[in-house]
Amino acid sequence: MAARHVLLGVSAAALAATLYASACGIGPVPPLGRLLDPANGAWAAVGAADLPSRATADMPALGNDVEVRYDDRGVPHIFAQSEMDAYRALGYVVARDRLFQLDLQTRAASGRLSEMVGGVARFADEETRQLGMPRAALAKWRSMAVDDMGRRILDAYADGVNAYMETMSERSWPVEYRILDARPERWEPVNSLHLFMRMSNILTYIPSEFDRIAARAKVGRAAAEAIFPLNSLVQEPIQPNEATPWFDTSAIAPPGTPDTSALVRTLASALRPWPFDENRRHFASNNWAVAPRRTKNGYALLAGDPHLELSLPSIWYEAHLVVPGVLDVYGVTIPGAPGIILGFNRDVAWSFTNTGADVLDFFQETVDDSVLPKQYRVDDSWKPVQREVEIIRDNRGKVIAVDTLLFTHRGPLTRRGSTWLSMRWIPLEDPLDATGFVQAAKAKSARAYLDSMARYWPAPAQNMIAADRGGSIAIRSTGRFPFRGYGGDGLTIRDGTSSANDWRGDWPIEQYPQAFDPPQGYLASANQQPLDARLKRSYLGSGDAAEVWRALRINELLRADSLVTPDAMRRYQTDPGSERADLWMPALLEAAGSRPTDRELPENGAASLGDAPSPLGKAGAVLASWDRRYTKDNHQAVLFERTLSNVTRLLWDELEDSTGSRVATPSGDVTLALLAQPRNAWWDVRATPNAIEDRNAVLARALSAAYDSLVAQLGEPSPERWRWDRVRPARISHLLRLRGFSAESVGVQGGFGTLNPSAGGGFGSSWRMVVELGPNVRAWGTYPGGQSGNPASSRYRDRIKTWSDGELDSLTVPAVAADLTNPRHTLRLRPRDN
Amino acid sequence: MRALRDTAVVVVLMGAGTWLFGWWAIPILSAIVALWHRRGRRAFLLVVVAAALSWGIILWIQALFGSSLAPFDRALAISLGVSPNGPLVLTVLLPVLLAATAAGTVIGLKQLRRPRTAATPA
């Protein structure tokens, strides 16, 4: 009797535990039943790995049948009878391939990521909401009239996404939902605006003021302004002139007495350091165009490669939209964005790079209550502070945060220490929508394209380059650029009590940085400062958002090539040459061959006076053998990079806080300028109070230390052990950082300072395109990933090798559906009566 | 022969049930089989084997019409932080556990309700 009871008890307990684990999950482990169910769980991804060869779906709101043909690269070619139907179909196919990405990006952009992944995303959501982004997107949506073109496009796209979702059973949910124990939610048209807002955040939230304030608190105002100058010290502007490039050789003010004024002291201690990654300046994007007279085939050429975070699936999705007589546009879109963002039609090609314009200013407000203000002062009157309460929930619906957000007429109001700052930021007051993409996609000339975008594009400001079949090339930095009323720059926190400090309107288009068919026959942008600093224009931006090396390199390549071919354009995109290495190498080799000066004490008697080569000597030999090209198989670049990292640390030691972290880091052009000032006090290392180091001493120390650390880490230098693409591979992470769904070690040619800075991290060339605007447009492109977001699909990561090899696929651009014979898949969308 | 037939029937039921209703089909069908079958030990073995087979066959069907299982298994294992082939093994073990515990509970309840008889002397 007892035995039977015991056995029953054990069985029942085991059943209860198994059912609980299968239905509810335990801790971080998702519900095992839902996850491992071979028909409806994660394994369903295997069954759905490939799209069916033929499919048909009914869609409400569709006006006429739409035919979609997928080519052998998985690109959907959409043939519709109206523009709105084309965008409906675009929404459908994007959802079909990238539903999870659509959902995740939207939740992140709208500050609701916690509702999907739990409380771990709480701080990210709080930051998003505190910046006012979801609020601004919603306000934009509410302001759009129902028959507004921008609104109709968003609605059409949403129709398509939701039409796909209606066809889904739980079995066809992307695998990530199983792993997260989440479910997809219906797509709202406003989600596209959230996505655009997120793009603006990534590309324009650059609070450079904080760098200067942090530096002032350490080294004083004059030194801070010298090392964070208004203009780049190396000039190779987008709007070309014959006198570039040029280098500002003015002496850089040495470190001075810390600025102890109340405002600086308060803000420097209270400002949460903008999550600064000194490497970010190496990234951003490239584009260039060549006029027919400088191309071998006699047709205009255009190349573009935007640099963004590398992810699987890729941020980009290729598509082609055709509406006979109205629209014929091919390129890449971002899942969630109704429109082709970078691409071409039969007459014009275009691509963007980030301008890095300063469209963000802070104002110190005088408030009535230092804890929870209700009013703030402007001139002689008090204005009410607006309040909104934001509630953040987790993935179980539980409230995990309640924040009260405050706003002035300028924007979000936040407290930093004991100071209240309001923020004025163009994306919040003029959010981007899809109208520009849609209208400009029908342009017939480069100028028409740029003019169309200038009408509809407030932010993020982009250097838009275009080339057309007529042979014209053109570039324009496009976006809203504010006039500062006080006639100054945007790097100072202004007194908010005076309306005289407010913005005074925008730059007129005629003053935008731009060039049309320049005499030099080519145009290029790589995020460098758009205008020559010697031109007397209002402040646009400080130019330190991106390093100048890529701009120098592409201009040098294009200057030297007067018979450019499409293949040369492709090769330039992964060119391994580095202006940065070229400029630094003489000083490093000199330091490697130098002995300690009388002013420096030898460290531990390690001066290279003996018979055996010192680390410095060995390091010098390694560098001297380098051709300064970041090829995959070179073994010297790793030493160069480690050395420069050490130089940065030693040079800017005055900017370290008590924990040894740097509060701000000047850009590479400032460091380069100091190379020409070997006795500047910046070179002195604070940690050695008995010595006064000069440039050579610091470079020698940095080089020795780099060599020693690399030997300890990798072994003695050899082509195998120090091979560049193995030591610094690119990393392409899954959206959720799931390692099994990522590509963690992709060897690439290129590095910091080259045109392809994809090595050594998760950021790089996210799309590459070359277009030849001949009688029949020809185009080539690729990105590091694949069209499908399903990790089990053969199209999930099928393009990575092409991308890592620096190759491009030839793009198929059929004019009519029948031109695409033997499509890999077809999809017919039919109108459905409601 | 009869045992084979019974097994095939239960495999099909479990497979179809999983396909249509999800993983709950396994413990529910196992309980029903255990309730219906006269012999507890046979019922137990029947549902355990059928559960493993049914999910294995579904996996095979997925691979037949989709892509290969092995690469996805590897990727899923790394993503979940389990040993290689862990997801595949767990996918076979889980239905076994569900079936065994469900059937065992029902069989145990049946045995409690049945009166005990004295052993018949040889």
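Let me begin with the largest nonpolar core, which has 111 residues; such a core is a set of buried Ala, Val, Leu, Ile, Met, Phe, Trp, Tyr and Cys residues joined through side-chain atoms within 4.5 Å, where buried means under 20% relative accessible area with a 1.4 Å probe, protein chains only. L639(A) and F640(A) have the most contacts inside this core. A second, separate core numbers 109 residues, including V75(A), I473(A), I475(A) and L735(A).

A word on provenance: this is a predicted model, in which local features need pLDDT of at least 70 and side-chain atom pairs count only at pLDDT 80 or more, while totals for chains, interfaces and linings use all residues. Residues are numbered from 1 along each chain as its sequence is written, chains are lettered from A in the order in which they are written, and side-chain values use heavy atoms, with hydrogens and water left out.

Which residues does L639(A) contact, leaving aside its neighbours within four places in sequence? With contact meaning heavy atoms within 4.5 Å, they are A619(A), V622(A), L623(A), L703(A), A706(A), Y707(A), L710(A) and W722(A).

Turning to the whole chain, 62% of the 834 residues of chain A count as buried. Of its contacts between residues at least 6 apart in sequence, 72% join residues at least 24 apart.

Finally, the dimensions. The C-alpha atoms of chain A fill a box of roughly 85 × 85 × 70 Å along the principal axes. The radius of gyration, taken over C-alpha atoms, is 28 Å, which agrees with the value near 28 Å for a compact globule of 834 residues; that rule is 2.2 Å times the number of residues to the power 0.38.

Terms used
Buried means under 20% relative accessible area, exposed over 50%, partly exposed in between (1.4 Å probe, protein chains only).
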